[in-house]
Amino acid sequence: MVLKANSVFERDFITAKERFPKLKYGWDAKIKMWVITGELDICDTAGVYWNTFQIAMLVPRGYPYCVPIVAERSDIVPRDIDWHISPEGICCLDTDNSLIAMSKSGINVGDFIAEKVYTFFANQIHKLESKQYAGAEYAHHTAGVIQYYVEELNIPSAEAAIQILKKVLNKQGLSRNDRCPCGSGLKVKSCHETGIETIKSFGPVKIKKDIENIEKHLSAEPL
Amino acid sequence: MHIFDDYVKPIRAAIAADPKSGKLYETLSFSERSLQKGLDFKVFNQQVPEKRLLPNLADFARELGLTPNFEQGLGLHPDFSHLKHSESLEDHYIVSMFVDIKGSTNLFKKYTPRTVWIITNTIQRAAIHTCLIFGGYVHRLQGDGLFVYFGGKNMKPDLAVKRALQFSSVFTYFVKEDLKNIFIEQGIENIYTRIGIDLGYDTDVIWGMAGIGEISEVTTCSLHTSLASKMQSYAVSNGIVVGDHVKNESPALTEFYTPVCHRTQRENDRYIFQIPEERFNYTQYDFNWLNFLKRQDFIATDLSGQLQLKQKAVVIPNRNIANLAPIAAVSKPYYGFES
C-alpha cells in the first residue's frame with residue numbers, strides 16, 4: 001500500500017518515515033488523534049547502534065499546531081520520576097512551556113521526533129550506560145517551570161517571572177518602550193521582549209496556572 | 001553499514017598498487033607491494049578467503065543467526081543432486097535470481113587486467129558469501145554476475161522469497177553505497193547491479209539434468225527462471241525487478257512493489273509475459289529494496305539517514321558513549337506529572 005498524503009500530517013509523515021522507517025501511523029476516530037507506533041532505533045554520531053525503543057505517539061488533530069504525547073512501550077526506561085517518565089510510560093520530553101511555545105509556531109512531525117523524541121531516548125541510554133544524562137535536565141514540577149523561565153527566557157528570578165506573567169495576563173504595561181517588568185530598569189525592547197512574546201503564546205490558562213504554582217512554591221520555601 | 005568494509009580494503013589496495021595508478025612504490029603498504037610483485041592470487045586469497053567470511057560480514061551473519069554452507073558446487077543444488085546422471089525429473093518450487101554486475105568493463109580503461117581481476121573477484125566473492133549467509137545456492141557464475149537459487153526441500157516458498165529479497169537488498173546496498181565511494185574517488189564510471197527475481201511453484205518448475213556426462217548440470221526448466229533473467233534487464237541501475245509470484249508470497253511487503261510500467265510510463269512494460277488465449281498476464285514489479293532494508297530487524301537508520309547494522313549478539317569494542325553524548329545532550333527532560 002502506498003501512503004497517500006491526504007492531510008498535512010500525512011504528507012509530513014511520509015517524509016518522517018524516510019528517517020524513521022520503522023514507525024507507522026493510523027487515525028484513531030475515538031480519541032480523534034493520529035497514532036504513531038513502532039520502533040525507534042538509536043544510533044550515535046559514529047553510526048553505531050545502541051538500542052531500540054517501542055514507542056507510541058499521539059498527535060492531536062490540530063497538527064501542526066499541537067503538542068504530541070509520547071509514551072515508551074518497551075519498558076527499557078525505569079519508571080521513576082528521576083528518569084522523566086510516568087508510571088504509564090509517558091515521556092516528559094520538555095517543559096509544557098517549551099512544548100506549547102513550539103506548538104504555537106507549528107511543528108513538523110519528523111523534526112519533532114528527531115529533536116525531542118530521538119534525543120530523549122538517546123539521553124536515557126546515556127544515563128543507563130553512564131548513570132548520568134549527557135546534558136542538563138529540569139527540576140521536577142514547579143521548580144522546573146521556574147528553571148524554564150530563568151534559563152530559557154533569561155528572567156532573573158521567580159519573583160521577576162511572576163511580575164512579567166501578571167503583566168502579560170493583564171495585558172498592560174508591556175509596550176516596547178515601557179520599563180521591563182523584570183526590574184532591570186531597561187525598556188522592554190532592550191530587555192525581555194522576545195521572552196514576553198513567548199509567554200503570550202502560552203495563553204491565559206497556562207499563565208494563570210504558572211502564577212499560582214510559582215507563588216505557592218515560593219511561599220512554601222523555607223526562609 | 002560497514003559489513004563489507006573488509007571486502008572494500010583489498011579493492012582499495014589493488015587500485016593503489018596498480019602500475020597505471022602512478023602511486024610510488026615506496027608509499028605502498030606491504031600487501032600493496034605484494035600485489036604489485038605478482039603474488040596476486042595468494043595475497044588475494046589471504047585477504048578474501050574462499051571459504052571464510054571476513055570479520056565484519058561474519059559478525060553480520062552471527063547477528064542474523066545464520067551460518068553459511070560453503071560445501072556447495074556449481075550446477076548441483078544439494079537438494080536435487082540425486083538427479084545428476086539419472087533419468088528422473090522432479091517438480092519442485094524454486095526462487096531464481098539473476099545478479100548482473102554492470103560497468104566493470106570500464107575498469108580496463110584505468111587498470112591492468114590483474115587489478116581488474118582482483119576487483120571483480122572481490123565483488124563476486126562478497127556476493128557469494130552474502131548469498132550463502134542467506135541460505136542461497138549459487139548455481140552458476142555468469143561473467144561478474146551470479147545465477148542463484150533460493151529455497152529447497154526444507155524451506156517453504158515464503159521464506160525462500162524473504163531470504164532472496166534480503167540477500168539482493170543487502171548486496172545492492174554494498175554495490176550502491178560502499179563501492180560507489182571508491183569509484184567516485186578514482187574518477188571512473190560506477191559499477192552497479194541489476195537483479196531479477198522470480199518464483200516458480202511446484203507445478204511451474206522441473207528439475208533435471210541438462211547436458212551430457214560431465215558436461216552437465218542439475219538445473220531447472222521453468223518459465224519463471226527465464227522470466228527472472230528477463231526481468232533483470234528491466235531493472236534500473238542498482239534496481240531489483242520481481243515477478244507476481246514473489247509479490248504474492250510476501251503479502252506484508254505490498255507497499256514496496258510498484259509495477260514497472262509506472263516507472264517507464266509504457267503500459268507494454270506492465271506484463272513481463274502474457275498468454276492471451278489463457279488470459280495469463282504476469283506482472284513485473286520494481287522492488288523498493290532500500291525501504292525494505294530499512295525495515296529489517298537487523299538494520300537501524302541513524303539520524304543522518306545512513307543504514308547501520310544492529311549488533312546485539314556482538315560486543316562492539318568501539319562503542320563509545322562520547323559519540324552518543326552530542327545527540328543525547330540536546331534533550332532537556334522535565335517531569336510535571338502529579339503523583
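**Exercise 1. Find how far apart the end C-alpha atoms of residues 95-200 of chain B lie, and what share of the span is helix and strand.**

Solution. Step 1: between the end C-alpha atoms of residues 95-200 of chain B there are 6 Å.

A word on the model before you go on. This is a predicted model, in which local features need pLDDT of at least 70 and side-chain atom pairs count only at pLDDT 80 or more, while totals for chains, interfaces and linings use all residues. Residues are numbered from 1 along each chain as its sequence is written, and chains are lettered from A and ligands numbered from 1 in the order in which they are written.

**Exercise 2. Describe how helix α1 (residues 5-17) and helix α6 (residues 113-133) of chain B pack.**

Solution. Step 1: start with the geometry. Two packed helices are described by the angle between their axes and the distance between the axes. Here the angle is about 175 degrees and the axes are 9 Å apart. Axes are lines fitted to C-alpha atoms, for helices over the stretch in contact, and angles run from 0 to 180 degrees between N-to-C directions.

Step 1: look at who meets whom. From α1(B) come Tyr7(B), Pro10(B), Ile11(B), Ala14(B) and Ile15(B), and they meet Thr115(B), Ile118(B), Ile119(B), Thr122(B) and Ala126(B) of α6(B). Residues are in contact if their C-beta atoms, placed from the backbone, lie within 7 Å.

Step 2: sort by class. The contact of α1(B) with α6(B) has eight nonpolar, two polar and no charged residues. Ala, Val, Leu, Ile, Met, Phe, Trp, Tyr, Cys and Pro count as nonpolar, Asp, Glu, Lys and Arg as charged, and the others, Gly among them, as polar.

**Exercise 3. Trace the sheet of chain A, strand by strand.**

Solution. Chain A has seven helices and four strands, in the pattern α-β-β-β-β-α-α-α-α-α-α along the sequence.

Step 1: set the order. The four strands form an open, antiparallel sheet, β1-β2-β3-β4; strands pair if DSSP finds at least two bridges between them. At the edges are β1 (23-28) and β4 (69-72) of chain A, each pairing on one side only. From one strand to the next, the twist averages 20 degrees.

Step 2: walk across the pairs.
- β1(A) and β2 (residues 33-43) of chain A share six antiparallel bridges; Lys24(A) has Thr37(A) in β2(A) as its bridge partner. Their hairpin has four residues between the strands, and Lys32(A) in the turn has a positive phi of about 55 degrees.
- β2(A) and β3(A) pair antiparallel over 11 bridges, with Trp34(A) opposite Val59(A) in β3(A). This hairpin has five residues between its strands, and Gly47(A) in the turn has a positive phi of about 85 degrees.
- β3 (residues 49-60) of chain A is joined to β4(A) by four bridges, and Ala56(A) is partnered by Ala71(A) in β4(A).

Step 3: check the loop between β3 and β4 of chain A, where Pro64(A) lies. The peptide bond from Tyr63(A) to Pro64(A) is cis, with omega near 10 degrees.

**Exercise 4. Work out which elements of chain B touch chain A.**

Solution. Step 1: count the contacts. 33 residues of chain B are in contact with 42 residues of chain A.

Step 1: assign them. The elements of chain B giving two or more residues to this side are α11 (289-294), β12 (299-301), β13 (307-309) and α12 (321-328). α12(B) gives the largest share, seven residues.

Step 2: classify. The side of chain B that touches chain A has 16 nonpolar, 10 polar and seven charged residues.

How values were computed
Two residues are in contact if their C-beta atoms, placed from the backbone, lie within 7 Å.
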